[in-house]
Amino acid sequence: MTTTRAFLTSLIFVLFSLPGISAAQTQSQTPTQHPIVLHAARLLDVKNGRLVKPGEVLVQGERIVEVGASVKHPAGAEVIDLGERTLLPGLIDAHVHLFLHPGAEDLQTVQESVPQRTIGALLAAHDDLMAGFTAERDMGTEGAGSADTAVRDAINAGLVPGPRLRISGNAIDILGGHEDAIQFNPAQHVLSNATYANNKDELVTAIRQELKEGADFIKIYETGPDSVRDGKFSTIYQYSEAELSAAVEETARVGKRVAVHATGEPGTLFAAKAGVVSIDHANQLSDETMRLMREKQIFAVPTFTIFDYFADHAATPAQAARERAMFELHQQEFRKQIAADVPMAVGSDVGPFPHGTQAREFVLMVKFGMSPLAVLQADLMNGAKLLGWDGQIGELEPGYYADIIAASGDPLQDIGVLQSVSFVMKGGVVYKK
């Protein structure tokens with residue numbers, strides 16, 4: 001056993017000795033050798049927007065073999081009867097922060113060590129998986145460098161339970177930008193929560209470093225700070241179109257993509273012109289930006305849950321009013337984006353609010369104008385494309401990974417049932433039953 005594996009094994013023992021974590025989940029997460037048949041009252045055909053009644057899935061190893069109202073029951077198959085529940089693909093959260101927890105973000109990045117935050121990230125990944133999220137995109141470690149590489153690799157090795165992860169390492173930001181800690185005594189030289197890059201050359205250098213340390217994609221902060229004055233949204237851009245284009249070109253050189261934190265114009269337009277893969281938050285998009293996103297199939301990831309949480313947990317009434325105004329404008333703009341047929345994916349920005357609770361994002365997207373089916377297709381089909389796993393996850397189809405959940409009720413009628421997922425399988429391994 002290598003030193004690294006020995007350390008991880010010891011860490012796992014400590015982690016899963018904590019209350020609320022099953023001892024069975026400390027075992028190596030490998031699929032059973034015998035086939036498994038899942039049976040339930042309903043099964044969601046997400047592509048065609050219909051329910052199959054009843055629904056069955058035949059799983060062998062980590063893959064789906066057959067799907068339908070009735071499937072083969074091979075000799076020796078284990079049958080799991082989920083009763084009056086709906087089978088559907090494992091959920092996808094395209095915008096998470098495993099290295100954050102509720103509380104002052106700047107303080108936790110300063111006061112907590114990277115090892116401490118990594119332990120927290122492992123627990124967060126566990127909570128998200130138990131909530132039915134079998135795949136996620138971690139949008140920056142907020143100052144913990146490439147520690148998310150270790151979390152991803154431990155999950156992939158079957159050492160700890162967690163979603164499939166696409167990780168970005170530290171996000172990239174300008175000096176004094178969105179994630180640069182500016183509220184502390186400057187004489188203390190508090191580090192930014194992101195990696196500095198102030199021009200094209202520095203962007204390329206930062207990208208190469210992130211990729212060297214294991215990043216699956218690059219996260220760049222393109223706008224901030226944000227404000228609302230006289231009912232109008234305003235934000236400052238951080239990188240020019242030319243700078244973002246250089247970042248996209250360098251990342252594409254090795255077959256990877258750039259995602260941006262971008263809340264409004266002109267930064268959102270610069271990002272769309274540069275050809276990023278997603279514009280996250282997307283509070284404000286011009287007609288030209290929406291046209292480009294539609295033509296280039298650039299995903300908007302609205303992250304309503306974080307705005308809702310900040311409005312409800314503001315420190316002062318004045319701050320609550322500002323957050324609520326921002327949230328309401330975001331809702332109005334979202335309806336315009338739906339009408340303009342902007343491609344959508346689903347991401348919650350979980351971290352500043354508790355991990356495992358982010359299925360509220362589905363409820364809010366329906367509340368603000370999308371149908372339950374459209375939200376599910378945005379999450380599962382578009383999410384799979386955004387994470388680079390299209391043809392592998394996001395649908396219950398033969399040959400796909402056996403990432404399967406079950407929830408009571410009909411999510412096409414009440415998407416809120418996804419807030420209480422009662423069965424979770426990832427890669428043919430049952431984590432919650």
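Which residues does isoleucine 36 touch, not counting residues up to four places away in sequence?

## Around isoleucine 36

In this predicted model, isoleucine 36 touches Val57, Leu58, Val59, Glu78, Ile80, Met425 and Gly428, leaving aside residues up to four places away in sequence.

Isoleucine 36 counts as buried because its relative accessibility is 2%, with under 20% as the cut-off. For a sense of scale, the C-alpha atoms of isoleucine 36 and tyrosine 221 are separated by 44 Å, and these two residues lie 185 residues apart along the chain.

## Where α5 meets α6

Let's turn to a pair of helices. Helix α5 (residues 200–212) packs with helix α6 (residues 241–253) at an angle of about 30 degrees, and their axes are 9 Å apart. Angles under 35 degrees count as roughly parallel, so α5 is roughly parallel to α6. The crossing of the two is right-handed.

On the α5 side, the contact is made by Lys200, Leu203, Val204, Ile207 and Arg208. Helix α6 contributes Ala242, Glu243, Ala246, Ala247, Glu250, Thr251 and Arg253. By type, the residues of this contact divide into six nonpolar, five charged and one polar.

## How confident is the prediction?

The protein chain has an average pLDDT of 93, and 94% of the residues score at least 70. Residues 1–8 have pLDDT below 50, and this stretch has five contacts in the model beyond near neighbours in sequence. Residues 23–27 also fall below 50, with seven contacts beyond near neighbours in sequence. Where pLDDT is low, the predicted coordinates should not be read in detail.

Technical notes:
Residues are numbered from 1 along each chain as its sequence is written. This is a predicted model: local features need pLDDT of at least 70, side-chain atom pairs count only at pLDDT 80 or more; totals for chains, interfaces and linings use all residues. Side-chain values use heavy atoms; hydrogens and water are left out. Buried means under 20% relative accessible area, exposed over 50%, partly exposed in between (1.4 Å probe, protein chains only). Contact means heavy atoms within 4.5 Å. Axes are lines fitted to C-alpha atoms, for helices over the stretch in contact, and angles run from 0 to 180 degrees between N-to-C directions. Helices (H or I, at least four residues) and strands (E, at least two) are DSSP runs, numbered from the N terminus. Angles under 35 degrees count as roughly parallel, over 145 as roughly antiparallel, 65 to 115 as roughly perpendicular and the rest as oblique. A crossing is left-handed if the near helix is turned anticlockwise from the far one by less than a right angle, and right-handed if clockwise. Ala, Val, Leu, Ile, Met, Phe, Trp, Tyr, Cys and Pro count as nonpolar, Asp, Glu, Lys and Arg as charged, and the others, Gly among them, as polar. pLDDT is the predictor's confidence in each residue, from 0 to 100.
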